[in-house]
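Colleague: I want to learn how to read helix packing and sheet order. Can you walk me through a case?

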Amino acid sequence: MRKIYYRDAVREALDEEMARDPMVMMIGEDIGVGDGTWRCSKGLYEKYGDLRMKDSPISESGIVGMGIGMALTGMRPIVEIMFSDFMLVAMDQIVNQMAKVCYMSGGQKNVPMVIRTTIGAGRAAAAQHSQNLNAVIAHFPGSKIVIPSDAYTAKGLLKSAIRDNNPVIVVEHRKHYSVEFDMPDDGDENLLLPIGKSVVVHEGSDVTVVANSFQVGQCVKVAKHLEKKKGVSVEVVDLRTLVPLDKETIIKSVKKTGRLLIVDEGYTSFGVAAEICAAIQDEVFYDLDAPIQRLCAPDVSIPFSPALEKLVVPNENTILAAVEKLL
């Protein structure tokens with residue numbers, strides 16, 4: 001094991017893939033001279049130069065459009081969008097171009113590009129910089145979506161995304177960047193994690209909790225607390241990938257525990273948690289000992305006030321209460 005900050009794990013993945021393949025390059029706002037919004041590309045501009053670390057104007061639609069063009073002509077661009085909220089400005093490029101080229105060309109053209117973006121409340125960034133839009137981008141077919149939960153998955157999933165021949169959106173949580181994690185011994189330049197595979201990160205038998213991104217760590221803490229204090233056995237499933245969704249891992253866990261809680265920072269209505277409920281219902285209905293429950297953000301805009309923001313986003317206390325209620 002070694003200790004590594006999340007942002008450094010992202011930078012290692014970018015550096016190793018750019019060194020491995022000269023067709024890999026980055027484009028985004030402040031990624032070059034400014035080292036990236038979250039300092040994930042620190043030092044890469046000096047190493048790879050302006051042609052491969054391209055600072056862009058403030059135009060998300062233009063950035064994504066350039067990335068699509070590069071991908072269609074043989075490159076493997078990594079497009080950085082500072083906040084997932086800003087992807088809405090580029091939705092035509094993301095939904096109608098990037099995600100549809102392979103389908104509309106009958107498989108004659110691929111778009112091997114990555115969009116890196118961030119989600120997450122908890123930093124008082126207000127309603128236009130704190131949203132979780134995973135359900136929005138997942139609704140449209142044609143792109144894969146991965147959601148790392150720590151430094152290990154951030155590096156392994158990003159490297160796999162860069163090598164994938166399809167468009168992949170990598171969603172990182174902004175509260176992770178300055179957190180230090182343990183990196184297993186295989187967390188070197190050969191680390192590649194499969195896209196489309198969820199993982200059980202805490203074994204249990206009484207209730208299944210499915211989570212993603214920052215919420216995974218919180219759910220594991222709650223699981224350990226319940227195990228120690230009350231003898232309750234909680235199984236935590238880290239989604240890792242939203243599209244394609246690994247239903248089999250979730251179904252297997254729920255058949256064992258008989259109960260399911262889905263924790264997601266997105267809004268409750270029409271969200272990721274609702275889709276997971278619907279996707280697995282047919283397979284687990286007769287195995288359930290209680291109705292499936294969701295713990296998400298309420299259907300209100302994310303407040304600017306830190307005090308109010310804490311009431312909106314799932315946290316260890318609300319997760320604990322939800323598990324106890326389900327039991």
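Modeller: Start with the angle classes. Angles under 35 degrees count as roughly parallel, over 145 as roughly antiparallel, 65 to 115 as roughly perpendicular and the rest as oblique. Keep in mind that this is a predicted model.

Colleague: How are two packed helices described?

Modeller: By the angle between their axes and the distance between the axes. Here, take helix H9 (residues 247-257) and helix H10 (residues 272-284): their axes cross at roughly 55° and come within 10 Å. H9 and H10 are therefore oblique to each other. Their crossing is right-handed.

Colleague: Which residues of H9 and H10 make the contact?

Modeller: H9 contributes Lys247, Ile250, Ile251, Val254 and Lys255. From H10 come Ile276, Ala279, Ile280, Glu283 and Val284. By class, the H9 contact with H10 has seven nonpolar residues, three charged and no polar.

Colleague: Now the sheet. How do strands pair?

Modeller: Strands of a sheet pair through backbone hydrogen bonds, either parallel or antiparallel.

Colleague: How many bridges join S2 to S4?

Modeller: Five, between strand S2 (residues 24-28) and strand S4 (residues 76-81), which run parallel. One to look up: Met25 has Pro77 in S4 as its bridge partner.

Note on methods: Residues numbered from 1 in each chain as written. Predicted model: local features only at pLDDT ≥ 70, side-chain atom pairs only at ≥ 80, totals over all residues. Heavy atoms only, no water. Pairing = 2+ DSSP bridges. Helix = DSSP H or I, 4+ residues; strand = E, 2+ residues; numbered from the N terminus. Axes fitted to C-alpha atoms, helices over the stretch in contact; angles between N-to-C directions. Left-handed = near helix turned anticlockwise from the far one by under 90°. Contact = heavy atoms within 4.5 Å. Nonpolar A, V, L, I, M, F, W, Y, C, P; charged D, E, K, R; others polar.
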